[in-house]
Amino acid sequence: MNKKILAIFDGEESYAYRLMDFIGEKMNLPFEVYVFTDEDRFYTYSKIRDIECLLISENVYKREVETLQIPHIIILSESGKNLNKTLHHINKYQSSENILHEIMAYYTDRSEAVSVTLRTGLKKMRIVGIYTPIGRCLQTTFSLTLGQMLAKRYKTLYLNFEAYSGFGRMLNKHYENDLSDLMYYFECAREKLSYRLESMIETVNGLDFIPPAEIYQNLAGIRGNQWIDLFQEIEKTSEYEYLILDLSDVVADLWDILRSCEHIYTISRDDGLAMAKIDQYEKALEYMNYGDISVRTTKWKLPVFRELPARFEELTYGELAAYIKTEVFPDLLDKEDK
């Protein structure tokens, strides 16, 4: 696929190249990125090549830019003043990740047609479903730790389906979009999924994730076949090698989703109540003709850990991470990957 051109025009050379390097690392974007810090070079280039999207700093912006027939012009605002209220503005002094989110959200909304990059040369994306009918058993801590450890070697995406995940508070961040928005956008324009993902992806310690639903009732009307359809499209149009599903009873058609997973993990405990819940869960699966889920499930009775990291960013250090490396990875990874 011939990628379209995203031009960055900024008088601050170090800033422009840092931003170019960050965007250039994203494998599934529709753009080739070019940097210009010299006015003459930019205007000469713009007359011989078609620029699809221009990211231009306030310090070099001139009205002449608007005569160049560039479909999408975004101003990197420095002073907060609107140089042209008809153009889109992005705050220049924020993280490169946030800038990319805003670029992709703007471009996805405004572009009528997008070029989809299909997955090539990669193994099938592996879906790991993690679910337990018992509470307070470290399921999410386990899932996040596993995801972050996988992300050190493989491109990994984590999705959380809890009613109250607490992610915003734990990471001290407000999210504009969440998992329910991703499904909404997917249902409206699936051909733009890969771009929409790039506008929403957050990262913690190398692990990509979509912020969990802020209001879990927004997931209530989404059926299992819709989620499975989304997962298949993510596989088709992204470079992800692992998809980690941190599941709960909030999601509809939970068992159908578990059945679609290549690996299924259930966290268990030795106490009587936990064992009784697991037994009831497995009997229900058998009664409803989902007994194959139990057969394909690996149960993990986690040992008592003396101390767990308090922050999401530190989960790859400590006893749980060591446990996953020695116990879970041999079960999950192919022999050639170990």
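Helices are DSSP runs of H or I with at least four residues, and they are numbered from the N terminus. Residues are numbered from 1 along each chain as its sequence is written. The model is predicted, so totals for linings use all residues, while local features need pLDDT of at least 70 and side-chain atom pairs count only at pLDDT 80 or more.

**Stop one: the second largest pocket**

Select α3 (96-110) and α7 (193-200). Each gives at least two residues to the lining of the second largest pocket. A pocket here is an open set of points on a 1 Å grid over the protein atoms alone, where a 1.4 Å probe fits, with protein on both sides within 12 Å along at least five of seven lines; lining residues have an atom within 4 Å of a point. Which helix supplies the largest share of this lining? It is α3, with seven residues.

Now select H101, E102, E176, N177 and S199. Of the 18 lining residues, these are the closest to the centre of the second largest pocket. Colour the lining by type: five residues are nonpolar, seven polar and six charged. Charged means Asp, Glu, Lys and Arg; nonpolar means Ala, Val, Leu, Ile, Met, Phe, Trp, Tyr, Cys and Pro; the others, Gly among them, are polar.

**Stop two: the largest pocket**

The largest pocket has a volume of about 630 Å³, counted as the space filled by probe spheres set on the points, with grid points joined across faces, edges and corners. Select R136, L138, Q139, T140 and E162, the closest to its centre of 26 lining residues. Next, show α4 (139-151) and α5 (167-170), the elements that give two or more residues to this lining. The largest share, four residues, comes from α4. By type, the lining of the largest pocket holds 14 nonpolar, seven polar and five charged residues.

Note on methods
Side-chain values use heavy atoms; hydrogens and water are left out.
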